[in-house]
Amino acid sequence: MAHRITDGLRQPLARIDAALNRLYGWRYNPLYHSGVLAAALLAVVMLTGLYLVFFWGIGAPYASVQRITTTVFLGRFARSLHRYASDAAVAAVVVHLLRVFLQRRTWGPRVLAWLTGFLLLGTVWIFGLTGYAMVWDVQGLALVREGARWLDALPLFSEPISRAFDGERAMPGAFFFLNLFAHVALPVALGVLFWLHVSRVARPHLLPPRGLLAAAVGLLVLASILVPVGMAPPADVLALPGAAPYDLFYAFFLPLTRGLSPWMVWLGALGLGAVILLVPALTRPRAEARPPSVVDERSCTGCEQCWLDCPYEAIRMVERTDGRPYLVARVDPSLCTSCGICAGSCAPMGVGPPGRTGKDQLAAARRFAAAHPAGAGDVVVVACRQSGGGAGAGELYGSPVFPVSCSGNLHSSVVELLVRSGAGGVLVVACPPRDCWSREGPVWLEQRLFMGREAELRSRVDPRRVRVVHAGEAERGVARAALREFREAVRSLAAAPAEDPGDLERECAVAPASPEPLGRWVPR
Amino acid sequence: MGAAVSGPVRAAAGWALAALATLAVVGLSRVPWAEERAAGAELRLAWRWKSERVRRCRTLSPAEVAKLPAHMRRTEDCQRGLRPWRLEVAVDGAAAADDTIRARGAESDRPLFVFRRVPVAPGSHVLQVRFSPVGEGGPPPVGLDTVVSVAARRAVLVTMEEDTGRLALRAAAP
């Protein structure tokens, strides 16, 4: 069921991604950066909030906000930016959660990130509600009353807190003090949750690219200047408010829940919570489909490259038991997502998910080369299954496709084998780097192929015969254009004669060049 | 596919889309909505009432006593708590509420809280409120018979004056 939903909705998402890639390029596609955009926008919210809180008064909340809006230097601008940035942050978080769900990146070590992501969204939402209560206008009163109605259904308070907002007695000053305290304290909770959110991933991205950040904040600044927020009518507990401006990002629930009993609301919230808790289990692939990586300790040279490259910190370097003077990699299956990036990082092909290690890839590539003999003018495509490289179809506009689970899983020896088998060139179709389902596959791939990162592509392979293109799931046209261009480039190269690919497996499985002595290993 | 659109056109389209998204954020942050759509009015009844403690006991039959563990056997079963009160409200002669208000808490020992919202048309209405103890031997009931005038989009509060113990009307927030 969950798989059917994610598969069905991922196609439209991929098409939207493709459209935005055409406009902004994958480096600046805001959907790829939705998570870090949310974090950056919340930073803007906190900076503007720090300024605003100096002018806000507990004794006269509405009057103080009015003063901020009309007389305080940059008050209206800061208030507008504060609100628009918090609205945009909610939108960014929702997009981020939707992407993660549709790409089924919710199971294994990502469960913590999934759950804390929802807690972050909930905290941001409550953060916003307490902010609106501080304005104490019509919307603030409606939000507070609705929240009080829900809370009164629970056996928490000795007397109904709704009493404070029905006009029976004067508004207690303690309410505004507590609300201010919550509004100021919640960012601390956000910080802790954010830390937890990224705690299970290696090298988390914390900020969007500078250009995107500047554009996002710049546009919100412009909106704050051109369309600043105004003042809604003040809260009046004995008035029935007419139409007033409501912030749909935070008050979206009011039209839905006002007609429901509080128990129905709590039941709905519990149901939503149960679904959120179940998503990792529902989206988890069968164990045999995504087996965790294993280490062949006889091949492991202790070079630590797999440990460095693993995007989920699932690999540790531990002492060997066979007396060799270096460390050996050990995979924690509970943290492994079976991305296979370690297989691409291991020169001696001693680690990787069963069936997708370097050795397995080489064996498959040999069969592939035999089944698809390629000439000097031909290009062979290696495609990530999530990319637009035609991995599912087996061919891309006349070129045979060798599929890999992730471009970071690809061992450079496979590229070498394909070139040395006679193909004029190898085009690797990878996902856009910020959309990699395994986080860092395309980044490591390029570094291995062109920048000497271990396990690097040997220098005996002409780099002009290898090219990488980034094409998302719905960007087959991008892959096709790159293929056409690369074919022409390959044909212009002098035809390299086919040679015996030799025993790459044996060549790779050499003794370590410089094993790290045990004492020099510094844990992360 | 990507080459079909020229650089400047693509840049312009990109900025236009970004501006549109920003406008959407601005627009969605100020959607006009009315909590109460109709231009009606409201009578609101809200007060706190400290009811008196009551203890209702009944004698257990020998069979009931025999069912109890030996160390818990007693002849009477007593229920303690605050006396519930009945709230009857009529607007222009039509019943608007007839409820029993019970004390909160596991021991029913928290004060009674009345909170009712009665939608009415703006204008004058004959309001009758009767708040009476349930059961025998309670204090005298509290009542209010009056004509109340409510403006459109306003609420008039019926509440208990703590010092006099009488029901009173309030049209502006304290």
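Author: Happy to! Two strands count as paired if DSSP finds at least two bridges between them, while helices (H or I, at least four residues) and strands (E, at least two) are DSSP runs numbered from the N terminus. The model is predicted, so local features need pLDDT of at least 70, side-chain atom pairs count only at pLDDT 80 or more, and totals for chains, interfaces and linings use all residues. Residues are numbered from 1 along each chain as its sequence is written, and chains are lettered from A and ligands numbered from 1 in the order in which they are written.

Reader: Let's begin with chain B. In what order do the elements of chain B run from the N terminus on?

Author: Chain B has two helices and 11 strands. Read from the N terminus on, its elements follow the order α-β-β-β-α-β-β-β-β-β-β-β-β.

Reader: What radius of gyration does chain B have?

Author: The radius of gyration is taken over C-alpha atoms, and the globule rule is 2.2 Å times the number of residues to the power 0.38. For a compact globule of 174 residues the radius would be near 16 Å. The C-alpha trace of chain B spans about 95 × 55 × 30 Å along its principal axes. The radius of gyration of chain B is 29 Å.

Reader: Four strands of chain B form an open sheet. Which strands stand at the edges?

Author: The order in this mixed sheet of chain B is β7-β2-β10-β11. The twist from one strand to the next averages 15 degrees. A strand with a single partner has one side left without a neighbour in the sheet, so the edges of this one are β7 (112-120) and β11 (166-170) of chain B.

Reader: Which residue is the bridge partner of R44(B) in β7(B)?

Author: Strand β2 (residues 41-49) of chain B and β7(B) run antiparallel and are joined by nine bridges. In one of the pairs, W47(B) has V114(B) as its bridge partner. For R44(B), the partner is R117(B).

Reader: And which residue in β10(B) stands opposite L43(B)?

Author: β2(B) runs parallel to β10(B), with four bridges joining the two. Opposite L43(B) stands V156(B).

Reader: Which element gives the most to the side of chain B that touches chain A?

Author: Two residues are in contact if their C-beta atoms, placed from the backbone, lie within 7 Å; 43 residues of chain B are in contact with 42 residues of chain A. Elements giving two or more residues to this side are α1, β1 (31-34), β2, β7 and β10 (155-161) of chain B. With 10 residues, the element that gives the most is α1(B).

Reader: How many charged residues are on the side of chain B that touches chain A?

Author: Ala, Val, Leu, Ile, Met, Phe, Trp, Tyr, Cys and Pro count as nonpolar, Asp, Glu, Lys and Arg as charged, and the others, Gly among them, as polar. By these classes, this side has 26 nonpolar and six polar residues, and the charged ones number 11.

Reader: Which residue in β1(B) stands opposite A244(A)?

Author: Strand β1 (residues 243-246) of chain A and β1(B) run antiparallel, joined by four bridges. Opposite A244(A) stands W33(B).

Reader: At roughly what angle do the axes of α8(A) and α1(B) cross?

Author: Axes are lines fitted to C-alpha atoms, for helices over the stretch in contact, and angles run from 0 to 180 degrees between N-to-C directions. The axes of helix α8 (residues 210-226) of chain A and helix α1 (residues 7-28) of chain B come within 10 Å, and they cross at roughly 55 degrees.

Reader: In what kind of crossing, left-handed or right-handed, does α8(A) pass α1(B)?

Author: A crossing is left-handed if the near helix is turned anticlockwise from the far one by less than a right angle, and right-handed if clockwise. For α8(A) passing α1(B), the crossing is right-handed.

Reader: How many nonpolar residues does the contact of α8(A) with α1(B) have?

Author: α8(A) contributes A215(A), L219(A), L220(A) and A223(A), while α1(B) contributes A18(B), A19(B), T22(B) and V26(B). This contact has one polar and no charged residues, and the nonpolar ones number seven.

Reader: Over to chain A. How is α5(A) placed relative to α6(A)?

Author: Angles under 35 degrees count as roughly parallel, over 145 as roughly antiparallel, 65 to 115 as roughly perpendicular and the rest as oblique. Helix α5 (residues 111-135) and helix α6 (residues 138-152) of chain A pack at an angle of about 125 degrees, with their axes 7 Å apart. That makes the placement of α5(A) relative to α6(A) oblique.

Reader: Last one: which residue in β10(A) stands opposite A430(A)?

Author: The open, mixed sheet of chain A has the order β7-β8-β6-β9-β10. Five bridges join strand β9 (residues 425-430) of chain A to β10(A), and the two run parallel. Opposite A430(A) stands H470(A).
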